[in-house]
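Subject: A structure for you to look at

Hi there,

Here is the structure I promised to pass on to you.

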Amino acid sequence: MSNFPARILVDLAAVRANVHRLRRGAPGAEVMAVVKADAYGHGLLPVARAAVQAGAGWLGVAQLNEALRLRADGHTVPILAWLYGPGAALDQALQADIDLSVGAHWALAEVLAAARQTGRTARVHLKVDTGMGRSGLPLPAWQDLLTEALRAQASGAINIVGVWSHLARADELDRSSVQDQIELFDEAVRHAEAGGADIELRHLANSAGMLLEPQTHYDLVRPGLAVYGLNPAPEVRDDPAFDLVPAMRVEADVLLVKDVPAGYGVSYAHTYTTPSQTVLGVIGMGYADGVPRHASNTGPVQVGRRRVQIAGRVCMDQTVLDLGPGADLTEGQIAVLFGSGAGGEPTAQDWADAVGTINYEIVARIGPRIPKTYLNE
Ligand SMILES: *Cc1c(COP(=O)(O)O)cnc(C)c1O
């Protein structure tokens, strides 16, 4: 058994069910399971295996090292990596048959150098900025990058297999910007084809785009959050939404239970004083474990059948709960921070609402030092 007084349970059956559901939702496209950021905090390798078992035809990551770890784990599906800096070991990426995103002139130059060095033809996805304002160049600057890439393709150093972009506002009630992005995306693809590129893979959709706007599906969809069963568009659909099953549950042991009188100051700076005689519980999880410090005095937790709240400041390794007056709660009981919600426990969305962030950040920041247990492997 682990010596850590908290644990993350990841239900891989939920991951598989979500991938099946996403495949059904985009029947004309392949599904790239986005497993960046340690699979949004769920654990890269077990989640990637489950996603591929369930028919994800692609894996997508931000960092090259994540892509290399997937190959080392034996994955043979195509893998796309989209973030690297000048001087990155692109030769290793090409040796490992990793597809690379190119959205800047320096990146194309480095991919070319790595292709020459390794004698391999790099598989490149050209990133166009259609309105996210983040990676990739916008039209018409993108066309210069395209022209250079076509020249590199003619030399045999690269193969432009994809044109891709990312949606900025697919999770909003007003999704008119999605239509604008589609138009610019189609224009970029037309330029590439007019230049003689044979684009096998056009891809644009994140979770919200693929679930809400089928015309974003193209050849490949790139869901991340939905793979983990979380709602990518809470402004559009209430939970439980989209037939997805949350895969992550976070539990902590109640390490200490104590009766305290009214007016008792709790945790640093006494931002909480007990309103009446009550019972406090202490758990061994804090902001070093990804419990947001902004959850001080507000984060929801379930202990037994009770929904309780964090009392006072979240500390680095510990957090105090006000379990309520006369609580018949005992040490060693389990406090559930969040889970699927099926047992009445809070969800990652509840935590996001409580601290003013998004469910993505709640799961992605859960600390790597908390041991993970995989269910239904
Ligand atoms: C993170 C990411 C995704 C997945 O986004 P979700 O909203 O989690 O579905 C897709 N594409 C790119 C480029 C990303 O960075």
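Predicted model: local features only at pLDDT ≥ 70, side-chain atom pairs only at ≥ 80, totals over all residues.

The mean pLDDT of the protein chain is 97, and 99% of its residues reach 70 or more. Confidence is lowest in strand β15 (residues 306-310), where the mean is 96, and highest in strand β2 (residues 30-34), at 99.

Now for the overall picture. The chain has 377 residues, and 54% of them count as buried. Its secondary structure consists of eleven helices and 18 strands. If you draw a box around the C-alpha atoms along the principal axes, it comes to roughly 80 × 40 × 40 Å. Among contacts with a separation of 6 or more, 65% join residues 24 or more positions apart.

In soluble globular proteins, nonpolar side chains tend to be buried together. Here the largest nonpolar core has 128 residues, and the members that touch the most others are Ile 158, Leu 337 and Phe 338. This core lies between domain 1 (12-227) and domain 2 (248-375), because both of them give residues to it.

Finally, have a look at helix α7, which covers residues 141-154. Its 14 residues reach 21 Å from the first C-alpha to the last, close to the 20 Å expected at 1.5 Å a residue. Which residues of α7 are buried? They are Trp 142, Leu 145, Leu 146, Ala 149, Leu 150 and Ala 152. These residues cover an arc of only 160° around the axis, so they sit on the same side of α7. The face turned away from that buried side carries the exposed residues Asp 144, Arg 151 and Ala 154. And what do the buried residues of α7 pack against? Their neighbours are strands β5 (99-102), β6 (122-127) and β7 (158-164), together with helices α6 (105-118) and α8 (176-194). After α7 comes Gly 156, which has a positive phi, near 90°.

Enjoy exploring, and write back with any questions!

Best wishes

Definitions and conventions: Residues numbered from 1 in each chain as written. Heavy atoms only, no water. Core = buried A, V, L, I, M, F, W, Y, C linked by side-chain atoms within 4.5 Å. Buried < 20%, exposed > 50% of the residue type's maximum accessible area, 1.4 Å probe, protein only. Domains from an automatic or database assignment. Helix = DSSP H or I, 4+ residues; strand = E, 2+ residues; numbered from the N terminus. Expected span 1.5 Å × (residues − 1). Arc of directions from axis to C-beta. Contact = heavy atoms within 4.5 Å. pLDDT = per-residue confidence, 0-100.
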